[in-house]
Amino acid sequence: MLKWLDIIRIANNGNPSPEKRVEKTNEEWQLILTPEQFRVTRLKGTERPHSSDMCSYFEPGKYACICCNTELFDAGEKFESGTGWPSFTQPIKENVVAYHKDSTFGMVRIEALCNICDAHLGHVFQDGPTPSGLRYCMNAVSLRKIVVNESKITFGGGCFWCTEAIFQQLKGVVKVESGYSGGEISNPSYREVCSGMTGHAEVIEVTFNPAEISFEDLLRIHLATHNPTTIDAQGADKGSQYRSVIFYRNDKEKDAAMKVIEELQASYNAMIVTQLEMFEHFYKAEAYHQNYYNNNSDQTYCQAIINPKLKKFKDLFKENLKEQVTL
Ligand SMILES: [Zn+2]
């Protein structure tokens, strides 16, 4: 993740090499851009604030360079800055945005450009939200919104540190977030959920591309990688917050989940007790729970508890793994 010091270092020492370059003359750009797109991207213009509804759009998807169509930002990194320009905390990859010192208007700012075609995008500031602390203040007219085919599924199978680590490795999985669902109170804290009194389960919310992995396959992997036959417990973890649960968003998902459970029951001696609950809210857990395994893989818990689970999972579901997975 890039932080402010990285941006300064890059602006001083040079930008990372892009994977490809797109170069055209201004005359050629004018043929494919509107006058406003040309003014902003090729002549370093700035659009009026609040001139695009892109600012208030937070649906899943990606944002590509209007000139060369390279994907620059993910909707997951977009936030409401209140400035009237679409704002992001991080580019999709470190080498898609280039940074230059911009001394116009009597101040030194960091200009952000498309690293592939040099389109002017906007500026980067150091007053963004944690963890990166960056605010990519972009011209909406420099970006093209790409709506992608993404679905969400939410389920619990014990400690979310373990379930998150497993689902992050799957092909077709775009994002995994740890959190709480199924309980009574809003915005619960980890401490409250641990008390077992909130009704919330520790869950993960998986954003996936149904063209690459199906809802049913995600459920099969979910059931195969925890113990769905113990009520309110996973190994040493006991309490309703550790219940085996699948949250469905409609009747079609409920039916699909029931079918998968029925199909897998044959391979268990004990009854599958996974609960099917209607999805209401997902409350994202505190930042230190996100990406827990990858950030803490040298800790005893990860080595003793998560590593064996991951190994079992990777043996079982080799075909479903993302490429170049390292442990
Ligand atoms: Zn570009």
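I began with S6 and strand S7 (residues 120-125), which pair in the antiparallel sense over four bridges. The model is a predicted one. I looked up the partner of Ala112 and found Gly122 in S7.

Strand S5 (residues 97-102) runs antiparallel to strand S6 (residues 109-114), and six bridges join them. For His100 I recorded Glu111 in S6 as the bridge partner. S5 and S6 also form a hairpin, here with six residues between them. Phe105, in the turn, has a positive phi of about 60°.

I turned to the helices. How far apart are the axes of H6 and H7, and at what angle do the helices pack? For helix H6 (residues 215-224) and helix H7 (residues 251-265), I have axes 10 Å apart and an angle of about 45°. Angles of 65 to 115 degrees count as roughly perpendicular and those under 35 as roughly parallel, so I logged H6 and H7 as oblique to each other. The crossing of H6 past H7 is right-handed.

I listed the contact residues last. H6 contributes Phe215, Glu216, Leu219, Arg220 and Leu223. From H7 come Glu253, Ala256, Ala257, Val260 and Leu264. Sorted by class, the contact of H6 with H7 has seven nonpolar and three charged residues, and no polar ones.

Note on methods. Residues are numbered from 1 along each chain as its sequence is written. This is a predicted model: local features need pLDDT of at least 70, side-chain atom pairs count only at pLDDT 80 or more; totals for chains, interfaces and linings use all residues. Two strands pair if DSSP finds at least two bridges between them. Helices (H or I, at least four residues) and strands (E, at least two) are DSSP runs, numbered from the N terminus. Axes are lines fitted to C-alpha atoms, for helices over the stretch in contact, and angles run from 0 to 180 degrees between N-to-C directions. Angles under 35 degrees count as roughly parallel, over 145 as roughly antiparallel, 65 to 115 as roughly perpendicular and the rest as oblique. A crossing is left-handed if the near helix is turned anticlockwise from the far one by less than a right angle, and right-handed if clockwise. Two residues are in contact if their C-beta atoms, placed from the backbone, lie within 7 Å. Ala, Val, Leu, Ile, Met, Phe, Trp, Tyr, Cys and Pro count as nonpolar, Asp, Glu, Lys and Arg as charged, and the others, Gly among them, as polar.
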